[in-house]
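Hi,

Here is the structure I promised to send over.

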Amino acid sequence: MNYINAEAAAKKWGLSLRRVQDICKLGKVPGAKHLGKNWLIPEDAEKPADGRRKEVKENLHHYRPLIRKTPFLTMTNLYTVPGSAEEVAKTLEDHPEGQALFNAQIAYARGDIDTVYNYAKYFLELHSGFYAVISGGMLLALCAIWKGDISMWRSAQKHICEAPFMHDHQKDIISLSLAATNSYLRVTQGYPEWFLEGCFDHLPTDSYPTARVYYVKRLLVDAQEVAVGKLKLDDVRGLGLIKTIPFIVEPMITQMAADKIIVAEIYLRLFCAIAYQQSGNIQKATLHIDKAIALALPDKLFGPLAEYKRQFGLLLDERLMLVSPEAAKKVKDLHKQHMEGWTKLHNIILNNSVAISLSAREREVARLVAFGLSDAQIAKQLYISEASVKALVRSAKNKTGVEKRRELAAYV
């Protein structure tokens, strides 16, 4: 087979070089191969359908809006069987936007951020409706976190704010979307009051699984803030709130499993595992981690595991190694990428000092120190000696430059 480069294809099809590169990245050119920074395209390849706003307007009989009222199609009953992502995408061929959004979210769950970025641009250029703009803005925000790009982050928030709402409940969804993106940086302010009360009546039912995920995520962050003394709640202190999280989340997990909402179940199991582990119940934490891994691996959904690897210390690595050393390495690599971007953006926006230099074990010990546990309690929970705990605390303090143990809270 003969090939031409992207520049020659751009001239042949009457497109810009950038557009040809984008459609190759999106997999719209059969047989195209990525070679270094260049693309090799079969000489006889036909020009792909553009799929952007102009084509949608010219082919309205082929156009359908998003098929679920939510920016997160992977957290609906479209995707119910582990390992079926490609098959689900094929069923959406008659729904161009739905297929694009589903593929974008699967790409995110796989840690393929460059592909997610191209889909975000697609939705923001298309600007075809409320959920398309919200989806594009949220995808762009997620890319900004992984890339540590403050200008991209601000652009994403601007797009979300400018989503063309038609009803008051859609204004609520804008507020929720902004708060949800901020929650990735551990900012819990800005949620609508109805959401804080756990009332999702303002939302379309398609959005309920996603709402549950963000609701639990916020509860977990608040519980951790209480544990380190950053947040004051009446009659609640230490690990008290963290220990209640599983009682809230376990029934939600059961519902997600019954409804077969795979991605929502993965996240909820990870959150539940974090709460169990940080309150000292390693056995229950391990159970949920293993089930999350079993759901994620058939479609290589390494992204959620990489996002929350930081919270688990070495436990997630150990469980992954038992199942798939290749998956463990992939998650480790993605975690490094995510952590670098997340730390950079988090520290800029919050004027904070989270340290990327701490090892997984140092971070794990520093977090438990911040929770107020003694060296003996930490040693018992992590199955290491008190001398090892003291050495890890000393190393973490040296790396962060703090003098007092509880000051480590600002770095974990």
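Asp317 and Lys309 are both buried (under 20% relative accessible area; over 50% is exposed and in between is partly exposed, with a 1.4 Å probe and protein chains only). The two form a salt bridge, with their closest N and O atoms 3.3 Å apart (the rule being a side-chain nitrogen of Lys or Arg within 4 Å of a carboxyl oxygen of Asp or Glu).

Before I go on: this is a predicted model, where local features need pLDDT of at least 70, side-chain atom pairs count only at pLDDT 80 or more, and totals for chains, interfaces and linings use all residues. Residues are numbered from 1 along each chain as its sequence is written, and side-chain values use heavy atoms, leaving out hydrogens and water.

The salt-bridge count comes to 11. Another of them joins Glu86 and Arg110, at 3.2 Å from N to O. Glu86 sits in helix 4 (residues 85-91) and Arg110 in the loop between helix 5 (96-109) and helix 6, so the pair ties together parts that are 24 residues apart in sequence (helices are DSSP runs of H or I, at least four residues, numbered from the N terminus). Glu86 is partly exposed at 42%, and Arg110 is partly exposed at 25%. A network of salt bridges links Glu86, Arg110 and Asp299.

Then there is helix 17, where Asp333 and Lys329 lie four residues apart, about one turn of the helix. Their side chains meet in a salt bridge of 2.9 Å, N to O. Lys329 counts as exposed at 53% relative accessibility, whereas Asp333 is partly exposed at 40%.

Cheers

Methods. Helix = DSSP H or I, 4+ residues; strand = E, 2+ residues; numbered from the N terminus.
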